[in-house]
Structures are given as C-alpha cells and as structure tokens.
Amino acid sequence: MKLTFLGTGTSQGVPLIGCRCEVCCSEDKRDKRLRTSAMVEVNDCRIIIDAGPDFRQQMLRTGVRSIDAIILTHEHKDHTGGIDDVRAFNFVDYPIIRPSHIYATPHTAACVRKDFDYAFAENKYRGVPVIELHEIDIDKPFSIKGVEIIPIHGHHSDRFEVTGYRIGKLAYLTDFKKIEQSEINKLMGVDTLVVNALRFKPHDSHFSVAEAAQLIEQVKPRKAYLTHLSHEIGLHTTSPERLPKGIELAYDTLEIEIND
Ligand SMILES: [Zn+2]
Ligand SMILES: [Zn+2]
Ligand SMILES: [Zn+2]
C-alpha cells in the first residue's frame with residue numbers, strides 16, 4: 001500500500017495570503033502546504049481522502065488519470081471545496097462517462113448535496129459533475145474495490161464531528177480535537193499513523209503537537225506523521241529538533257510505503 005500526501009496545510013494553506021513570516025517566505029518546498037488531502041493506493045484501487053480547494057492542482061501534480069473513490073472526513077470547505085473538479089475524471093474517456101464515487105457520513109453527504117446542488121438537480125445542465133454519493137455508517141467498515149475501510153469517529157469541536165479512516169496498517173485522522181477510547185482501540189496495531197496537529201499552542205478545534213503526541217504515544221505505531229499544519233508549526237527543516245521522538249511532519253508529495 002502506498003500513501004501520498006497531496007496536501008498537509010491547514011484550512012488557509014501555507015504560505016498564508018499576505019503573511020511575511022519566515023515560514024510563509026521560505027524557499028523550502030516542504031514549507032509550501034496545499035490544503036490537507038492524501039492518496040492511498042492498494043493494488044489497483046486508488047482512493048483520495050478529501051477534495052479541498054486545491055484538488056485540481058493536487059490531481060495534476062500526481063499525474064493520475066483515474067481515481068476509484070473520494071472519502072470525505074467532514075464537510076468543511078478545506079476538505080470539500082474542490083469537488084466540482086471531479087468533472088475532469090467523469091469525462092476523461094468521453095463519450096464513456098465515469099461517475100465519481102464519494103463516500104461520507106449522512107451529515108457530510110447532506111452538506112455536499114446542498115453545496116453542489118446543481119450536480120444533484122432533477123434537471124441538470126450539461127457538464128455538471130457526475131457524482132454517486134455513498135453514505136457510510138460510522139460504526140461499520142465498508143469496502144471499495146475489495147479494500148476494507150474502517151471509519152474512526154472523532155470530535156472536531158463541540159459543533160462538528162469528523163471521520164478518520166483506517167485502511168489496513170494505515171490510519172489517517174485529520175481535524176480531530178477529541179477521540180473516545182473505543183475509537184482509539186480501532187487504531188491499535190497500525191504501522192503508520194497520520195494525525196493532525198495545527199501548531200504547538202493549543203487550539204479549540206484542532207490537536208496541538210502535544211495532543212497529537214499523546215494519542216501517538218497511546219497507539220504506538222511504527223511511524224507517525226503530523227498533517228493539517230499551520231505556518232505556526234515553524235520551518236520544516238528545524239522540525240526534527242522541535243518534535244517528540246518518532247514523530248515527523250508530513251510534507252506535500254511525501255510518499256510512504258506501508259506493508260501489510
Ligand atoms: Zn481542515
Ligand atoms: Zn506566515
Ligand atoms: Zn475542519
């Protein structure tokens with residue numbers, strides 16, 4: 001199984017528009033973070049986790065011509081804003097039309113239906129995205145092309161819920177602020193754990209580095225990566241000396257091989 005980080009930045013991305021801090025001005029490409037998204041490839045199945053405003057650019061950068069599914073973590077725009085661009089995949093082999101399969105909880109699916117209402121209208125106009133929305137049950141594994149995916153329930157804040165995903169020996173959690181012990185149990189035995197950490201200072205709807213580290217310490221994966229990073233995380237190059245041992249910052253285009 002291969003994991004590719006397509007984006008590792010928080011909702012506004014890094015650099016942040018107008019910011020002149022050393023991270024936003026850095027020439028290091030690892031400090032340039034598109035909105036958080038990842039690609040998981042297992043055998044011939046290619047799954048994208050989240051499709052934010054940078055989805056088009058991320059798909060162009062990977063060079064892929066097809067994807068099997070998009071699984072959404074929640075309805076925030078930095079995770080769903082690029083859904084309209086699935087059109088390119090729908091029509092890549094025109095006149096064959098390939099619908100995009102999007103998986104989400106019923107609440108997130110309802111938000112997608114509302115935000116992209118023209119794609120779900122009775123009388124659609126030409127060229128709208130062709131989407132098949134699949135509602136998942138947070139308590140039940142589901143499968144895409146024979147690949148089993150286990151949803152992991154999390155609290156993003158007191159207003160929003162979020163879904164992480166375990167695929168084999170990989171678990172990927174973003175936009176978590178709280179996780180119940182019963183859900184942590186579902187993470188046990190993973191090889192690679194990806195967790196969000198906005199910055200070192202606490203935040204009311206995202207894990208800080210210390211909170212992410214606490215979860216990582218409980219799960220004890222072989223490797224742990226932080227994602228959904230803000231410019232306040234500091235320069236990538238100095239991150240090893242500032243992070244707890246065994247934890248690394250992810251960066252855009254980083255590819256990881258995970259053995260089953
Ligand atoms: Zn986010
Ligand atoms: Zn900045
Ligand atoms: Zn969010």
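Guide: Here is a short tour of the zinc sites in this predicted model.

Visitor: Which residues are the protein donors of the zinc ion (ligand 3)?

Guide: His74 (NE2), His76 (ND1), His156 (NE2) and Asp175 (OD). They lie 2.1 to 2.3 Å from the ion.

Visitor: What arrangement do those 4 donor atoms make around ligand 3?

Guide: Irregular, because the angles they subtend run from 89 to 172°. A tetrahedral call would need all angles between 85 and 135 degrees.

Visitor: And how are the donor residues of ligand 3 spaced in sequence?

Guide: The pattern is H-x1-H-x79-H-x18-D. His74 sits in the loop between strand E4 (69-71) and helix H2 (77-80), and Asp175 in the loop between strand E10 (170-173) and helix H5 (181-185), so this pair ties together parts 101 residues apart in sequence.

Visitor: Is His74 buried or exposed?

Guide: Buried, at 1% relative accessible area. Asp175 is buried too, with 1% relative accessibility.

Visitor: Which parts does the pair Asp78 and His228 tie together?

Guide: Asp78 lies in helix H2, and His228 in the loop between strand E12 (223-227) and helix H7 (239-242), so the linked parts are 150 residues apart in sequence. Asp78 counts as buried at 8% relative accessibility, and His228 is buried at 1%.

Visitor: How far apart are the two zinc ions, ligand 1 and ligand 3?

Guide: They are 3.4 Å apart. Asp175 coordinates both.

Note on methods: Residues are numbered from 1 along each chain as its sequence is written. Chains are lettered from A and ligands numbered from 1 in the order in which they are written. This is a predicted model: local features need pLDDT of at least 70, side-chain atom pairs count only at pLDDT 80 or more; totals for chains, interfaces and linings use all residues. Side-chain values use heavy atoms; hydrogens and water are left out. Donors are N, O and S atoms within 2.8 Å of the metal (3.2 Å for Na, K and Ca); water is not among the atoms, so sites may look incomplete. Four donors count as tetrahedral if all angles lie between 85 and 135 degrees; four count as square planar and six as octahedral if opposite donors are over 155 degrees apart and all others between 65 and 115; anything else is irregular. Helices (H or I, at least four residues) and strands (E, at least two) are DSSP runs, numbered from the N terminus. Buried means under 20% relative accessible area, exposed over 50%, partly exposed in between (1.4 Å probe, protein chains only).
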